[in-house]
Amino acid sequence: MSDLDIRESVINGGLGQSPVRPDGVAKAEGSYEFSSDLSADNMLIGKTLRSPHQHARIIRIDTSDASAMTGVHRIITAEDVPGKATYGLIASDQPVFASDVVRYIGEPVAAVVADDEEICSRALEAIVVEYEPLTPLIDARLALDTDTPPIHPDGNVIREQNVICGDTTVIGDIVVEDHYTIGMQDQAFLGLESALAIPDADGAGVECHVATQWLHEDLGQVAACLDLPESSVRLVLGGVGGAFGGREDISLQVHVCLLALATGRPVKMHYSRSESFLGHVHRHPAQIWMRHHATKEGKLVKVEAEFVFDGGAYASTSSAVLVNAVTHAQGPYRCENAEVRGVAVRTNNLPCGAMRGFGVVQACFAHERQMDLLAHACGLDPIEIRRRNAMSTGDKLITGQVVESVAPVLQIIEGLERMPFPDDGNDVETHPYHRPGGAGNTTRASDVRRGVGYGVAIKNLMYSEAFDDYSTARCTLRDGVVTLKFATAEVGQGFITIAPQIARTTLGLEDVALESIDTGVGSAGSTSASRQTWMSGGAVEAACLKVRQLIFEHVASSTGSDPFALVIEGDSIVNTATGERQLMSEVVKGLEFDEEVEFRHRPTVPLDENGQGACHTAFAFVGHRAIVDVDVELGLVRVVEVSTVQDVGRALNPLSVTGQIEGGIAQGLGLALMEEIVQQDGRIMNPSFTDYLIPTIADMPPVVAELIEIPDPQAPMGAKGVGEPPTISSTPAIIAAIQDAVNQFGAGRSHLTRVPIRPSDITEALNSTRRD
Amino acid sequence: MTSKSDERHFELSINGNRHRVTDSYPGESLLTVLRDRLGLTGSKGACEEGECGSCSVLLDGNLVCSCLVLAASVTNCSVVTVEGLGGSTDVQTAFVESGAIQCGFCSPGLIMAATNLLERTPEPTVDEIREGLAGNLCRCTGYGRIIDAVQVVVQQRKNGRS
């Protein structure tokens, strides 16, 4: 009997099942405490003063009038930061408060703490800041110009990274190229940034309850700015209302702790929606050029690309996002030759960093639009061009890294091809509600065309480039109950559901409890990069396996049996030599074990100057087919259905996997059709849910999902991360479907190259012809 | 004769109980009063302008965004918040069991909206579910499991389980 078979034997709530979320009932009845719901006796409220300028020198800050207001307790500025003046995830380049120069509209300049929010708002208005405006750097391409003055002491270029491989002089029989634009997307998690900081009674430390993705990274950055030892700062996960990358960077953590320590009272800060748009990093807007070379038969021979990522005022994770983009430029296709150039720069726009898909979203949009161009030029259909180039396990990437992960790209493409088409009888004729633009009924059925498009993607899992990526978990067995402790941020994805599943299946015990998620145990790393099932799941499994080994040794010594003959089967321990079987709940009576494990994935290496090196840990693959109805007259789109085939390794919790797939596709649809932070002179023109649109239930089509479950030998329990892939190729699939609809009005229509696509992009494509 | 501060006192009827509101600024929304003055934090705020539906409550049986309601204007109304549903209605249970909840921030509002939809339209079509819940944003689920949860309730009620 193999270990895998054992895991698949039955225990209630074990792996492969879909037990309900442990926090589900509390969330449904409204009793679950999100960070914004927290309060404490004697609590004060804090609020941030932000720069109204894109780029300006601070001449003077006068807080005297504001400080004198009744109900105002303290106002703090850069002068009041006792420790490190800056923070940041990769480079520590972002000031806690701007002191000499502000570099984007919305940069924190001061913070006030007062009796309530209203008094805070009035105090903020009473703070006088005198600025001397400086010329802002707005255009990312200008940032590359050596004549452009640096807007930051670290310079305007955050990172340049090329990937050069094979023979770059090769010219294909068929060459296609275009320029692509990706707009700035917001994570738009519903639970706004918030935190409650409670100072220690002696004022020597602080406890901060915060909605974050990575408690220990926050801990290090916060303690350094507070000039406190890490042991004097405790971070506790406040209920997190979604994250999607937007909580990986510090937002209000340092501010709220400073205010609590300054007043000696609990302080709460929470952002409004408009402040949230300023308070966290966004998906990088990108300008991408790509040129694909292929044989007449449509086999890729070379990919050329140039990426310019606008990182905004501070570095955040821009350098890692860029690496993801340039190393994924080929997509899930074999290609031996490449010349890819990439740069991430500083501008006086909003800082950008992590968002679901992390650089690969931008690369995939461009390479999938290119594959469609190539298909057209080769006289092939979109499925066939992808089939001919599909990579598989053992192929070498343009970085020289060999794909060791299971790579079922061909199965994904053929799975998409087999997907039935929806049988809705093209009901735009009969149901106005189903017309593009909805029930407003402005669409004439005669203007509607149905299009079909495809997108396929490769996505790295976990952290890259030699980062020491690990997660910690502790497994305690006492009184027959398994208790798990980890610092893994639960942001909605459901790690708190699968962690007990892992313990149940590994130990054969149903009763699993979870301890508070805080910095009372080692780091779990971030809830990002599709990594927690692999990393924290791997840590939980490893800790449980250690406890299981101790149980086996105890049983073996007390019964004189061979510990290697013992296995867990469902809720029982089985001696495979004798066939003897006993309930685990009986066996563990009176036993106490406590094991903690740090789990690491295999090491990776940094890229060299030519972008060579096995920089990524593992890969997952996915494909999407979108069906859209397009009103070509008005440029309106209705997505009729999205089908997907996703490589998941193994679905540890099928319902959670479905949730990730459907939710990820919704965000991909949002980027395709509606989501963009529009900036004018660095000011956000749409910082609200009235003007920044995210898909509603009326926008989201049915999703048909097929899982490819080939357990990955390198992945704990065979399971790959599933969170990011759904967001990546759904976007180009939708744009390809719109292109297909537009093309039905005759050959030679313009290639669609921008997301989010705007109605005018569609009508202009219809009215113009291709440039090349 | 009432003092100036007394004039700012008002009472609200919430989940069948009278609540005296004493420390509210004039002009505060029902959402702010529920959350910050009365400690009823089940209703959530994610946009404060009526777009996201996270703050949905029933006002005399009608679904409203509590962020758009002036608290002091509804002293004669009956307010039902998510706390007033009792915790284990069939809609709440179906949301939990169908995977309609991830981060859960939108869940109280969506559960109020779904509860109200099923009162008005006991057997909604998928289009009617979409129309009925279109005022509630969810960023995590992509809505598929939410539609499923509503359909589960419809089926259970038809089968006599409620």
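The pLDDT is the predictor's confidence in each residue, on a scale from 0 to 100.

**View 1. Confidence in the predicted model of the complex.** This is a predicted model, and the mean pLDDT of chain B is 94, with 94% of the residues in that chain reaching 70 or more. For the complex, the predictor gives an ipTM of 0.97 and a pTM of 0.97.

**View 2. An open sheet of three strands in chain A.** In this view the strands of chain A follow the order β22-β23-β24, and their pairing is antiparallel. The edges of the sheet are formed by β22, which covers residues 566–569, and by β24, which covers residues 581–583, and each of these edge strands of chain A pairs on one side only. On average, and with direction ignored, neighbouring strands of the sheet are turned by 25° against each other.

**View 3. The pairing of β23 with β24 in chain A.** Strand β23 of chain A, made up of residues 572–575, pairs with β24(A) over three bridges in the antiparallel sense. Within this part of the sheet, A:Ser572 is found opposite A:Leu583, a residue of β24(A).

**View 4. The largest nonpolar core and the surroundings of A:Ile738.** The largest nonpolar core holds 296 residues, and the members that touch the most others are A:Cys257, A:Val628, A:Ile734 and A:Ile738. Helix α10 of chain A, residues 360–378, contributes the largest share of this core, namely 11 residues. In soluble globular proteins, nonpolar side chains tend to be buried together. If neighbours within four places in sequence are left aside, the contacts of A:Ile738 are A:Gly451, A:Val628, A:Val630, A:Val637, A:Leu752, A:Ile757 and A:Ile762.

Definitions and conventions
Residues numbered from 1 in each chain as written. Chains lettered and ligands numbered in written order. Predicted model: local features only at pLDDT ≥ 70, side-chain atom pairs only at ≥ 80, totals over all residues. Pairing = 2+ DSSP bridges. Helix = DSSP H or I, 4+ residues; strand = E, 2+ residues; numbered from the N terminus. Axes fitted to C-alpha atoms, helices over the stretch in contact; angles between N-to-C directions. Core = buried A, V, L, I, M, F, W, Y, C linked by C-beta atoms within 7 Å. Buried ≥ 20, exposed ≤ 12 C-beta atoms within 10 Å, placed from the backbone. Contact = placed C-beta atoms within 7 Å.
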